[in-house]
Amino acid sequence: MRQQEAIRDDYFPNFDVIRLYLASVVVVAHAWWVLSPSNAWSGSVMAVPAFLAVSGFLVLKSYSESGSLIVFAKKRALRILPALLGSMILCLCLLGWSATANSIVTWLTGGIIEPAGITNAPLWSLAWEELAYLCLAVLWWLGAYKKPAFIWILLLTAMCISWKVTRIPLSPYLQILSFLAPAFFTGNLTYIYRARLLQIGSGWPWVLFAIVVLWKEVPLPSYVWAAAPPVLQAFSMVWAGMAGARIVRVKFPDISYGLYIYHWPILMYLAGTPSEKSIIEFSIIYGASLITIC
């Protein structure tokens, strides 16, 4: 029995599905915006905070198993840098030197500096994810993860800041930025309490996931949706990835990260190509090119 619990605790089969879903939301939302800017679709969830929540779970798991900061840093570098370099090469080939330089600035500054001209816009979130890795290492060194109360305090503090920011007329970028810390700490706490959450059952995580995804489609007053904290979205994604019943029985390539960082250069290149294509033709070329490169 203990051996089965250890195996189940070590392997979480739905995270590839969750990450693929979140990346697909970003890809479709951006394509929709390019093809129909007057009727843009914002997506069913806030994908970037949800991505960071998944990282908050998996990266804490990785650090706890690494044994040292050096091993952990090597794992993170191998996860991020090769594909990031590939995205720069892709940007250079499709959009030129200027767009590539802009993309490097976007990545290094976390989107704080907005270069003039075309840039690989989604790279802004990578800097903040890398900063979250550094914060995790510091918190681990301080022993915070041995006392979950500290992580709860950080989560509640981050939620209060986020709540305050969302009520100030700021740019969407700053509002999304305020959601990242609460999402990350939500992922941390889900990992800390994973044993208890696994005991609840494998069906309830998907029930919560469905409710969160469909929430915006339910005809409720706007204040009801506005009152739903981003933490609920973050938790639903991580809980489904960790404890939900396995919905895909076959192993498939993890292309979610590639989808996220490769789609924008391809989308900008196709949008800038002078030719008349129907929405269906554009979508087929876009999708086939992106999946092939990923």
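## Salt bridges and a helix: worked exercises

At 32% relative accessibility, Asp254 counts as partly exposed. Keep that residue in mind as you work through this predicted model.

**Exercise 1.** Work out whether Arg19 is buried or exposed, and where it sits.

*Solution.* Step one: find Arg19 in helix H2, which covers residues 15-35. Step two: look up its relative accessible area, which is 15%. Step three: compare that with the cut-off, where buried means under 20%. So Arg19 counts as buried. Step four: check what lies around it. Leaving aside residues up to four places away in sequence, Arg19 touches Phe51, Val54, Leu58, Arg79, Asp254 and Ser256.

**Exercise 2.** Find which residue forms a salt bridge with Arg19, and say what parts of the chain the pair ties together.

*Solution.* Step one: the partner is Asp254, and the closest N and O atoms of the two are 3.3 Å apart.

**Exercise 3.** Follow the salt bridge from Asp254 to Arg79, and list the residues of the network.

*Solution.* Step one: Arg79 forms a salt bridge with Asp254, again with the closest N and O atoms 3.3 Å apart. Step two: this pair links distant parts of the chain, with Arg79 in helix H4 and Asp254 in the loop between H12 and H13, 175 residues apart. Step four: check the exposure of Arg79. Its relative accessibility is 30%, so Arg79 counts as partly exposed.

**Exercise 4.** How many salt bridges does a search of the whole structure find, and how far apart in helix H3 are Glu65 and Lys61?

*Solution.* Step one: the search finds four salt bridges. Step three: both residues lie in helix H3, four residues apart, or about one turn of the helix. Here's the handy rule: an α-helix has 3.6 residues a turn, so residues three or four places apart point the same way. Glu65 is partly exposed at 45%, whereas Lys61 is buried at 12%.

**Exercise 5.** Describe helix H6: its length, its buried residues and what covers them.

*Solution.* Step one: H6 has 19 residues and reaches 28 Å from first C-alpha to last, close to the 27 Å expected at 1.5 Å a residue. Step two: pick out buried residues, among them Trp124, Leu126, Tyr133 and Leu136. Step three: find the cover, which includes helices H3, H4, H5, H7, H8 and H13. Step four: turn to the surface. Leu131, Leu134, Val138, Trp141 and Leu142 form a nonpolar patch there, with about 570 Å² of accessible area together. Step five: zoom in on Val138, which is in H6 (residues 124-142). Val138 has a relative accessible area of 40%, so it's partly exposed. Step six: look just past the end of H6, where Gly143 takes a positive phi of about 85°.

Definitions and conventions:
Residues are numbered from 1 along each chain as its sequence is written. This is a predicted model: local features need pLDDT of at least 70, side-chain atom pairs count only at pLDDT 80 or more; totals for chains, interfaces and linings use all residues. Side-chain values use heavy atoms; hydrogens and water are left out. Helices (H or I, at least four residues) and strands (E, at least two) are DSSP runs, numbered from the N terminus. Buried means under 20% relative accessible area, exposed over 50%, partly exposed in between (1.4 Å probe, protein chains only). Contact means heavy atoms within 4.5 Å. Patches are made of residues with over 30% relative accessible area and no salt bridge: like charges are joined within 9 Å, nonpolar side chains (Val, Leu, Ile, Met, Phe, Trp, Tyr) within 5 Å. Accessible areas come from the Shrake-Rupley method with a 1.4 Å probe; for residues, only the protein chains shown count as cover. A salt bridge is a side-chain nitrogen of Lys or Arg within 4 Å of a carboxyl oxygen of Asp or Glu. The expected span of a helix is 1.5 Å times one less than its number of residues.
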